[in-house]
Amino acid sequence: MRPADAPPALPAAALQAKEAYAIEAICARILARHRDRISVRKDHVAVANLARIIEAVLKLSSRQGFHETSLRDLAQASGLSMGGLYSYFDNKNTLLVMILTEVAETAEAALRQAPAGIAADPAAHLRWLIETHIRLTEAMQPWFVFAFMEAKGFPAPARTMATESEAATERIFAEVLARGVTAGVFRIADVDLTAALIKPLLQDWYVKRAKHRKRGIPIQRYIDGVIGFVEAAIAAP
């Protein structure tokens, strides 16, 4: 686990405000990012309907898969007409890109926000990254599960986007690991491989939540367990 004298890992400042990761807040960012293609002019209406659409997508996908979900299914589940859906996207692939883009951009933004005092210390920075990633996926669990579980069935461009998002996360971890090696804090033979090995530990929290819930493992215990495991593997003697 963490050394007794080590500062606790802290989530990114943005994660302090849970409302920033409520579906309405996320849909407001989607609207801003895709304003040119959404024809509904009133922002509050557009955000509310986007929230209905995306909640329906995430729920239907967990039940029957995104590939098997039709626009008619989505209209029925969201309570919007087919014409209403087309006010936000022209086809399912466009909707898919909206969701994946938001997951990727939100994750990278959160992981790039380490406070200066933490970022200056590779060991503290690594602990912070692990905690921030796990808490972010806790806040946006259905979104991350969707991106992870559905990736194999995505069309090629969307699959490339999902793969690049995962690679971007690994690069952020690799940068910190490399600085730790240079500083003599970490002993790592292959920084990129180590970053790739850490990623599944982070994903396990949101992909296999039922397993951890059954074992009675709360989020802080899981965070501490991952930090302790990683530090034991890479700490310089």
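This is a predicted model: local features need pLDDT of at least 70, side-chain atom pairs count only at pLDDT 80 or more; totals for chains, interfaces and linings use all residues.

Me: How many cavities of 30 Å³ or more does the structure hold?
Reply: It holds 1 cavity of 30 Å³ or more. The space in the largest cavity comes to about 50 Å³.

Me: Which residues line the largest cavity?
Reply: Among them are Val57, Leu60, Phe66, Leu74 and Lys92. By type, the lining splits into 6 nonpolar, 3 polar and 1 charged.

Me: And which helix gives the most to that lining?
Reply: Helix 3 does, with 3 residues. Helix 3 (43–64), helix 4 (71–78) and helix 6 (92–111) each supply at least two residues.

Me: Switching to the largest pocket, how much space lies in it?
Reply: About 350 Å³. It is lined by 21 residues, and the closest to its centre are Ala147, Phe148, Ala162, Glu166 and Gln203.

Me: Which elements give two or more residues to the pocket lining?
Reply: Those are helix 6, helix 9 (141–149), helix 10 (156–183) and helix 11. Helix 10 gives the most, with 7 residues.

Me: New topic: is Thr194 buried or exposed?
Reply: Thr194 counts as buried, because its relative accessibility is 15% and the cut-off for buried is under 20%.

Me: Where is Thr194, and what is it in contact with?
Reply: Thr194 sits in helix 11 (residues 191–207). Leaving aside neighbours within four places in sequence, Thr194 is in contact with Leu177, Ile188 and Ile234.

Terms used. Residues are numbered from 1 along each chain as its sequence is written. Side-chain values use heavy atoms; hydrogens and water are left out. On a 1 Å grid over the protein atoms alone, a cavity is a set of points where a 1.4 Å probe fits but cannot get out, and a pocket is an open set with protein on both sides within 12 Å along at least five of seven lines; lining residues have an atom within 4 Å of a point. Grid points are joined across faces, edges and corners, and a volume is the space filled by probe spheres set on the points. Helices (H or I, at least four residues) and strands (E, at least two) are DSSP runs, numbered from the N terminus. Ala, Val, Leu, Ile, Met, Phe, Trp, Tyr, Cys and Pro count as nonpolar, Asp, Glu, Lys and Arg as charged, and the others, Gly among them, as polar. Buried means under 20% relative accessible area, exposed over 50%, partly exposed in between (1.4 Å probe, protein chains only). Contact means heavy atoms within 4.5 Å.
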